[in-house]
Amino acid sequence: MSDLDRIITFIQNWAGISDKPSNPRAISDDVPEGIKKLNDKLGAFWDVLPFPFSPAKLDHNTERGLFRVQDMIENPRVEKSNSQDFTTLISENQGVWHFYYDDKHNLLYEGDWTWGELDSSYSPIPFPAKLDDALCFTLMVNFFFYMDNGVWDDTSTNPEDVWPNDITVKLWHHPSWGYFKGFWTNSDGNALLFDGMGLIRK
């Protein structure tokens, strides 16, 4: 199972999203495989409210939806190519950075990147990760801030940086997103740790 498959399954299980869309959402065959997976499994979040499901543990009443919380995962059914023929993949909520991909599905980046070691750039440059990694990062950040009625235990202010004993399963991490250890859960999949931010449980 790929990292992206693992993240999608984690979100589906937590949110209670088990059914595939009853009406397949047509997208181009040219889009990256990761986008096809999102469209197949979670593509309702690109639709207009109300969503065709009511996830028990998500704030599904928000107008933004899971793909428009902290960062925006662009709808593949809407043309987002720029003058250089790069297609927009993800945009930060204040527009200070963007991810793109080219016709070979290479990941490109532009703007201010605060956690990595890249200098600011305002023309797309190669980013040292795969496209699926950008989707994993964005899905987990958005999901972390999207969960409804969670209990927040702030571990970031603990001077001893105590790691909860039951958080032993790594969901995703990539060295290009430096300075934090990624996203982790427990063996039951009902807790989520975003290193440096805190812990949310069901």
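Let's start with two helices: H1 (residues 3-15) and H3 pack at an angle of about 20°, and their axes lie 9 Å apart. Here axes are lines fitted to C-alpha atoms over the stretch in contact, and angles run from 0 to 180 degrees between N-to-C directions. H1 is therefore roughly parallel to H3, a term for angles under 35 degrees. The model is a predicted one, in which local features need pLDDT of at least 70 and side-chain atom pairs count only at pLDDT 80 or more. Residues are numbered from 1 along each chain as its sequence is written, and side-chain values use heavy atoms, with hydrogens and water left out.

Which residues of H1 and H3 make the contact? From H1 come Asp3, Leu4, Ile7, Ile8, Phe10, Ile11 and Trp14, and from H3 come Asp132, Asp133, Leu135, Cys136, Leu139, Met140 and Phe143; contact here means heavy atoms within 4.5 Å. By class, 11 of the residues in this contact are nonpolar, three are charged and none is polar.

Now follow H3 itself. The helix covers residues 131-146, 16 residues in total, and spans 22 Å from its first C-alpha to its last, close to the 22 Å expected at 1.5 Å a residue. Of the 16 residues in H3, 14 are buried, meaning under 20% relative accessible area with a 1.4 Å probe and protein chains only.

Finally, visit the loop between strand E3 (97-101) and strand E4 (107-111), where His105 is found. Phi of His105 is near 65°, a positive value in a residue other than glycine. Most residues other than glycine have a negative phi. His105 counts as partly exposed because its relative accessibility is 29%, between the 20% limit for buried and the 50% limit for exposed.

Note on methods
Helices (H or I, at least four residues) and strands (E, at least two) are DSSP runs, numbered from the N terminus. The expected span of a helix is 1.5 Å times one less than its number of residues. Angles under 35 degrees count as roughly parallel, over 145 as roughly antiparallel, 65 to 115 as roughly perpendicular and the rest as oblique. Ala, Val, Leu, Ile, Met, Phe, Trp, Tyr, Cys and Pro count as nonpolar, Asp, Glu, Lys and Arg as charged, and the others, Gly among them, as polar.
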